Each structure stands twice: as structure tokens, then as C-alpha cells.
Amino acid sequence: MQGGTMMASETTAMTDPDRIWTEAAVRLRSEIGDGPFSSYIAPSAVRMDSSGQLILVTPTAYARDWVRKNALRRVNELWLGLDGLSRRLEVRCRAEMGSVPPASAVQGAPAPSAPSAGFQPMPAPTVGPVADGPRAVRAAGLQDRLTFDGFVEGHGNAFALAIAKQVAAWADGHFNPVFLCGPYGFGKTHLLNAIAWEAQRLRPEARVVYLTAERFLSTFVKAMQDRQTAAFKDSLRNADMLLIDDVQFVGGKTSTQEELLSTLTALIQDGRRVVLSADRPPLALTEIEPRLRGHMASGLTCPIEPGDRALKLAVARNRLEALSRLGVVDGVIGDAVLEHLVDRTPGSMRELEGAVTTLAAVSGGRLSALTVEDTQKLLGAALRGGPERRITVDEIQKTVSEHFNLKQADLLSERRTRSVARPRQIAMYLCKQHTTRSYPDIGRRFGGRDHTTVLHGVRKIDSLLATDEQIARDVETLTRKLRG
Ligand SMILES: Nc1ncnc2c1ncn2[C@@H]1O[C@H](COP(=O)(O)OP(=O)(O)OP(=O)(O)O)[C@@H](O)[C@H]1O
């Protein structure tokens with residue numbers, strides 16, 4: 001247990017959220033037991049919002065409420081005992097988080113011109129994110145570890161990576177804007193951060209501005225309230241390169257869309273670089289006003305596909321190497337153990353990173369001695385316990401209709417009575433939770449419904465999970481059935 005001893009002796013000086021969470025999770029697991037740990041804590045991750053607040057992000061509202069009621073106080077006691085910066089955690093569910101980036105800063109070498117601290121509270125949004133020059137821009141949202149060095153190339157992301165590197169090199173070309181799109185958790189934020197770091201390193205004098213669409217929105221709204229929209233406009237239009245992450249979040253926000261449209265046209269006309277990302281291609285962002293959509297689609301769209309097994313293995317190994325450089329783990333993991341971990345962790349790279357961090361925590365750091373059996377024992381229910389099985393939309397529809405004594409066709413039908421509409425929403429919710437399908441894609445598979453209907457259904461169930469015990473029980477039973 002060499003790793004465990006080392007971690008314990010360094011607890012007073014810890015500031016890195018990954019290390020603190022790793023250590024706190026080990027203790028929590030022994031206190032609350034494997035069942036609750038694997039259901040509610042293992043799938044959660046620590047993130048930081050734009051004001052620097054650390055947040056424990058649970059996968060569902062149901063899990064959030066469970067943590068709040070049963071574990072948050074203890075989580076904070078453990079966290080405070082370890083955190084050299086005496087921060088506290090709040091808890092929120094994923095649906096409440098939008099695009100807040102992971103708080104972790106686990107990576108070997110930071111980008112050459114990066115601020116030295118691996119993890120610092122981000123300043124609250126201000127009008128004029130570029131007003132204080134590049135340092136302020138970086139502190140405003142980039143994460144040290146999200147560089148090209150830390151990005152693993154594979155089938156499905158190679159094209160996006162190649163274009164990202166060209167943009168970062170300020171290469172001459174006709175692609176403006178560049179639009180990265182792909183499902184949740186497969187590297188869009190990582191690539192946008194990597195572009196910003198590299199572009200800034202190559203041209204330290206250039207104004208490189210990275211922000212999430214949520215931040216664009218909240219900063220713009222605040223600027224309107226404070227009657228400072230001119231300063232807001234200037235701050236963005238001075239950018240040599242503007243990167244906006246998760247632009248789907250401006251959907252339905254008319255004045256923010258108008259502002260974004262005029263910012264983009266001004267920058268593009270002036271030959272400044274614009275890079276955008278979203279969970280869908282621009283033309284599928286139907287809740288975005290057509291002119292803005294058209295501008296977003298007018299450059300180069302680069303899809304990022306969900307990672308295949310080889311890429312997942314490489315990302316998991318990469319992650320363990322980063323934890324090893326930090327001294328959190330010791331030794332090299334066996335191929336069979338790593339394959340076991342990857343094969344039993346469906347979902348995005350984010351879930352995979354969660355599983356790797358959990359393994360690092362519960363193994364006490366001794367990786368080379370780990371066998372597949374140890375891993376099974378250590379992670380227990382946190383792993384799915386069978387060969388990788390992708391849950392499909394069809395399977396979810398069958399399971400849900402059977403559970404509610406309906407026909408699968410009822411879920412796809414136009415029927416709107418509560419006895420059909422609610423199970424349909426539950427099925428849509430489960431599709432969002434257990435598949436990497438986008439909202440429009442799910443809509444298509446439910447009788448050609450619009451993505452906003454799916455979005456509404458998913459949000460409805462997410463909120464009902466916190467208040468309606470019957471729905472929470474149904475969702476839990478169905479989740480268990482689907483996982484087999
Ligand atoms: N190819 C990759 N190589 C290394 N790490 C990766 C890769 N793809 C994803 N990751 C990691 O997986 C995690 C999720 O990725 P990221 O946040 O970039 O996803 P995203 O596509 O922006 O998701 P969202 O739609 O939720 O914003 C990050 O920690 C990222 O570093």
C-alpha cells in the first residue's frame with residue numbers, strides 16, 4: 001500500500017482536486033459501503049464553476065438528492081481535512097451544470113506559457129474578458145491539462161485533431177469558422193482548450209479568447225444589466241482568435257443570439273479566427289436562429305465520433321500515466337486489467353476517466369500487482385459486471401414499454417395521455433443517460449419527434465426524480481434491468 005501511505009502523509013499540502021477527491025473517495029467508500037458508493041459517488045466528478053466554486057456533479061437529480069441528504073456533510077468534512085485551500089463542495093446534477101469544465105488539473109507538463117498553478121479558482125465573469133491581456137484570458141477558463149500533448153488521437157477524432165492543430169498554428173486557410181461537433185464527453189472542450197493554449201504559445205502577443213456559450217450568455221446579460229454592452233462588444237471584437245464552447249446553450253435566447261451573430265460576423269469579416277463547438281452540427285441546431293446557424297455552418301464542420309475501444313484503452317492508459325506522474329498511483333497496470341476496466345465502462349471518455357480515478361483510489365495506488373479478479377472485487381458494482389454491452393434505444397423502448405404494460409409502438413405514437421406520455425419521457429430520459437445519442441437523434445427514434453420535445457421530456461423526468469418517489473423507483477428499476 002505504498003501509494004496509500006504516501007497520499008496520507010501529504011494530505012495537509014494537497015490542493016489538486018483530483019488528488020483530494022481520490023483520497024476522500026477511498027475514505028468515504030469504507031464508511032458508506034460499496035452499494036451506495038458505486039451507485040452515487042463513483043459516477044460523480046468534481047468540477048468548478050466560473051466563480052471558482054467546487055461542485056460535486058452527480059449523474060442525475062436523484063443521485064444529487066441522495067448525496068445531499070446522506071453524504072454531503074461527510075464529503076465536506078473529508079474534503080476540508082485534505083484540502084490545503086480549505087474549500088467546500090456543493091452538489092449539483094449534470095443537467096444543472098451545462099458546460100462547466102472538470103476541476104481536475106492532472107497532467108504532466110503544462111503548456112509552456114501557462115500560469116504555473118495547476119489549479120486556481122477562476123475569476124467571476126467580468127465584462128471584457130480580454131481587457132487584462134492574455135493572462136486574464138487564460139485564467140478565465142482554460143485548464144492546464146487540456147493540451148494537444150494530453151489528447152490521444154484515434155479513429156473518430158483524427159480529422160478534428162488535424163484541423164485543430166492547423167487552426168492553432170494560425171495556418172492560412174479558408175476555414176472560418178471551424179466548428180467541432182460530437183456527442184457529450186468525447187473531447188470537444190479538450191480540443192478547444194488545446195487550440196487556445198497552442199495559439200497563445202505561438203503568438204504570445206495575440207488576444208486569444210476562450211469562453212463557454214454559457215459564459216458568453218451570462219456575461220452578456222450582466223453587461224446589459226450594468227449598461228456596459230459596448231465594453232462587452234469591444235472585449236470580444238478585439239480578439240484575434242475567439243473560441244466558444246457548447247454553442248447549443250444559446251438556443252432560444254434571442255438577444256444573446258443576435259449579439260453572438262454580430263460578434264461572429266465582425267470577427268470573420270475582419271479575418272480573425274473563430275472556433276465553435278456543439279453537441280450537433282450547426283444545421284441541426286434548430287433552436288438557433290437560421291442566420292446564426294448559417295454563419296456557423298459557413299466554414300468547416302469537423303465531427304468527433306464516440307471513441308472506439310482502442311481509443312478508450314489509450315485514453316485510460318494516458319490518464320493512469322498522468323496520475324502516476326502526480327504520485328497518486330504506482331507501477332504499470334496490466335493489459336488484461338485495463339481491458340477489463342474499459343470493457344465494463346460504457347459511456348463517454350468522462351465516465352471512463354471516472355472509472356480510472358475510482359480504480360486508482362480504491363487500489364491504494366498499487367497498480368502493477370492488480371489482477372482482473374482484484375479489480376472486480378475492488379470496483380464491484382461500479383463496473384457493469386459483464387462484457388461491454390451497448391444499451392440501445394430499441395432496447396430501452398422495449399424495456400420501458402414492458403415495464404408499463406404498453407406496446408413499443410405506443411411510445412412512438414402520437415398518443416398524449418399521461419399513461420403513455422410519461423413512460424415515453426422516461427424512455428427518452430434513459431436514452432440520454434445510457435446512450436450517446438443526441439436529442440434530435442432520440443427524437444427521430446421516437447416517431448420523428450422534434451429535439452425540443454425530447455429535451456423537455458428529459459428535463460421533466462430529471463426534475464421529477466427529485467420529487468416523485470414513484471418515478472424515482474421506476475427509473476431505478478428500469479436502470480437495473482437495462483444494466484442486466
Ligand atoms: N481523445 C482524448 N484524449 C484524451 N482525453 C480525452 C479524449 N477525449 C476526451 N478526453 C477526456 O475526456 C473528458 C471529457 O472530454 P471533454 O470535456 O473535452 O468532452 P466534450 O466533448 O467537451 O463534452 P461536453 O459536450 O459535455 O462539453 C475530458 O477530461 C477529456 O480530457
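**View 1. Asn405 in the loop between α17 and α18.** Asn405 sits in the loop that runs between α17 (393-403) and α18 (408-412). Helices (H or I, at least four residues) and strands (E, at least two) are DSSP runs, numbered from the N terminus. The model is predicted: local features need pLDDT of at least 70, side-chain atom pairs count only at pLDDT 80 or more, and totals for chains, interfaces and linings use all residues. Residue numbers start from 1 along each chain, as its sequence is written. Asn405 is not a glycine, yet its phi is positive, about 55°. Most residues other than glycine have a negative phi. Asn405 counts as exposed because it has 9 C-beta neighbours inside 10 Å. The cut-offs are these: buried means 20 or more other C-beta atoms within 10 Å of the residue's own, exposed means 12 or fewer, and partly exposed is in between, with C-beta atoms placed from the backbone.

**View 2. Asp246 in the loop between β6 and α11.** The loop between β6 (241-245) and α11 (254-269) holds Asp246. Its phi is near 60°, a positive value in a residue other than glycine. Asp246 counts as buried, because 21 C-beta neighbours lie inside 10 Å.

**View 3. The cis peptide bond at Pro177.** Asn176 and Pro177 are joined by a cis peptide bond, with omega about 5°. Most peptide bonds are trans. Pro177 is in the loop between α7 (158-168) and β4.

**View 4. The annotated binding site.** The unreviewed UniProt entry annotates Gly185, Gly187, Lys188 and Thr189 as "binding site". UniProt positions follow the numbering used here, feature names are shortened, and annotations may be inferred rather than shown by experiment. Gly185 lies in the loop between β4 (178-181) and α8 (188-202). It counts as partly exposed because it has 19 C-beta neighbours inside 10 Å. Leaving aside neighbours within four places in sequence, Gly185 contacts Ser348, Met349 and Arg350. Contact means C-beta atoms, placed from the backbone, within 7 Å. Thr189 belongs to helix α8. Thr189 has 22 C-beta neighbours inside 10 Å, so it counts as buried.

**View 5. The shell around the ligand.** Of 22 residues around the ligand, Gly187, Lys188, Thr189, His190 and Met349 come nearest. A residue is near if its C-beta atom, placed from the backbone, lies within 6 Å of the molecule. Helices α8, α13 (309-325) and α15 each give two or more residues to this shell. Domain 1 (2-101 + 326-382) and domain 2 (134-303) both give residues to the shell, so the ligand lies between them. The domain bounds come from an automatic or database domain assignment.

**View 6. The largest nonpolar core.** This core has 129 residues, and Ile195 and Leu243 have the most contacts inside it. Helix α15 (residues 349-362) gives the most to this core, with 8 residues. A nonpolar core is a set of buried Ala, Val, Leu, Ile, Met, Phe, Trp, Tyr and Cys residues joined through C-beta atoms within 7 Å. Not counting residues up to four places away in sequence, Ile195 touches Ala164, Val167, Ala168, Leu243 and Val275.

**View 7. Helix α14 and its cover.** In helix α14 (residues 335-343), the buried residues are Val337, Leu338, His340, Leu341 and Val342. Their cover includes α13, α15 and α16 (372-379).

Key
Contact = placed C-beta atoms within 7 Å.
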